[in-house]
Amino acid sequence: MSDDHFHFSGTPEPHRIRTLQILKQHPEVKALMGKNPFTSLAIIGLVGTMIGLSYWVKDSAWWIVLLLAYGVGAFLNHSLFVMIHECSHYLLFRSKALNNIFAIVANLPHVFPSAISFKRYHIKHHSFQGVHELDADLPDFWEARLIRNSTVGKALWLLLFPFFQVTRTVRLKEIKPVDGWIVANWVVQVAFDVVIWYFFGPGALMFMLASFFFSIGLHPLGARWIQEHYLTLDENQETYSYYGPLNIVAFNVGFHNEHHDFPSVPWNRLPRLKKQAPTFYNTLLSHASWTRLFFRFLFDKNISLFSRTVRQERGKVKLTDESKPDLDLVEAGSLATKSGA
């Protein structure tokens, strides 16, 4: 694969096409779409556990804090990213406000306010996958040129991944950067950080901060970002799923093709979606180990930040699209049936 330019595709993103095909051949998958309010209990439990661990480790030596953050905190923190992801697709409750509130709650141990902003940019990633001016999941051109396929560069990129993600938002000029919910996210997050520092001390906040960076960076869990859309197995397949054991603690976030095809299916039903449409998913290339992919990404010179698919085809998707192609198709079919009745 080239290390000096992205892989260009002249075709639309593949997921909406496959969604339509699956709905035609396996209409039973419609029953999997819906909400999972019990995800809110997972959020409360994970946030409570992170707060408890931060209190327990608050007076410990720095190396113990870092060790616990890498071995335990990172997994809990990563799970909370998945919870925010579920909230961004409104998969907990019908009320958008309640989903936003729980996203802000799940954000608390991450130290930095990002839940509502993530939702804004993530939905555009679904709607405009591979369109550089709208998909913040794609590296910037300067970012890819800076890191290229260097092992040291890729390690630093993973370590500083949150900072690189923030810089990408500058190029997405069509997306409104601030609104009331984002302000609320900032206010609540800063208040939480101050409370943790004041009552528990800097050691507790250091634990949360280290857990945050490890959960999405220089850690086998960081391979998730490589697994999802980097062209690691075939440059003609731009989305990959992961079916390894870490899905148990990562709330099935590895089922990424399934999620892009059916973003209205909550995390707990994604394995059933794969089982109900085997001819579509068993024929796709996938990953079985984040750890193996983590080390391969670092040392394989054939994989660089340019190992991504880009396109100029935005289709007829409106900028306000909320990325519900599965639900939209089902509702359109229902309306057509009623009209013909």
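A salt bridge is counted where a side-chain nitrogen of Lys or Arg lies within 4 Å of a carboxyl oxygen of Asp or Glu. By that criterion the structure, which is a predicted model, holds 14 salt bridges.

One of these joins the side chains of D321 and R16, with 3.0 Å from N to O. The pair links distant parts of the chain, since D321 sits in the loop between β4 (309-310) and α16 (325-340) while R16 belongs to helix α1 (residues 15-25), 305 residues apart.

Another salt bridge is formed by R308 and D137, whose closest N and O atoms are 2.8 Å apart. R308 lies in the loop between α15 (290-299) and β4, and D137 in the loop between α5 and α6 (141-147), so this pair ties together parts that are 171 residues apart in sequence. Both R308 and D137 are buried.

From the charged pairs we turn to the nonpolar residues. In soluble globular proteins, nonpolar side chains tend to be buried together. Here the largest nonpolar core has 64 residues, and those with the most contacts inside it are I43, M83, W157, F207 and F297. Helix α3 (residues 62-88) gives the most to this core, with eleven residues. To see one member in its surroundings, consider I43, which touches L80, M83, C87, L92, F102, V105 and A106 when residues up to four places away in sequence are not counted. There is also a second, separate core of 13 residues, which includes L23, L32, L273 and A277.

The remaining topic is empty space. Rolling a probe the size of a water molecule over the atoms shows where such space is left. The largest pocket has a volume of about 880 Å³, and of the 28 residues that line it, S114, S117, F118, Q165 and V166 are the closest to its centre. Several helices take part, for α3, α5 (115-127), α8 (161-168), α9 (180-199), α10 (202-216) and α11 (223-229) each supply at least two residues of this lining. The largest share, five residues, comes from α5. By type, the lining of the largest pocket divides into 17 nonpolar, eight polar and three charged residues.

The second largest pocket has a volume of about 260 Å³. Its lining is made up of M33, G34, K35, H89, Y90, L91, R94, K96, S264, E322, K324 and L327. These residues divide into four nonpolar, three polar and five charged.

Methods: Residues numbered from 1 in each chain as written. Predicted model: local features only at pLDDT ≥ 70, side-chain atom pairs only at ≥ 80, totals over all residues. Heavy atoms only, no water. Core = buried A, V, L, I, M, F, W, Y, C linked by side-chain atoms within 4.5 Å. Buried < 20%, exposed > 50% of the residue type's maximum accessible area, 1.4 Å probe, protein only. Helix = DSSP H or I, 4+ residues; strand = E, 2+ residues; numbered from the N terminus. Contact = heavy atoms within 4.5 Å. 1 Å grid on protein atoms, 1.4 Å probe; cavity = no way out; pocket = protein on both sides within 12 Å on 5 of 7 lines; lining within 4 Å. Points joined across faces, edges and corners; volume = space filled by probe spheres on them. Nonpolar A, V, L, I, M, F, W, Y, C, P; charged D, E, K, R; others polar.
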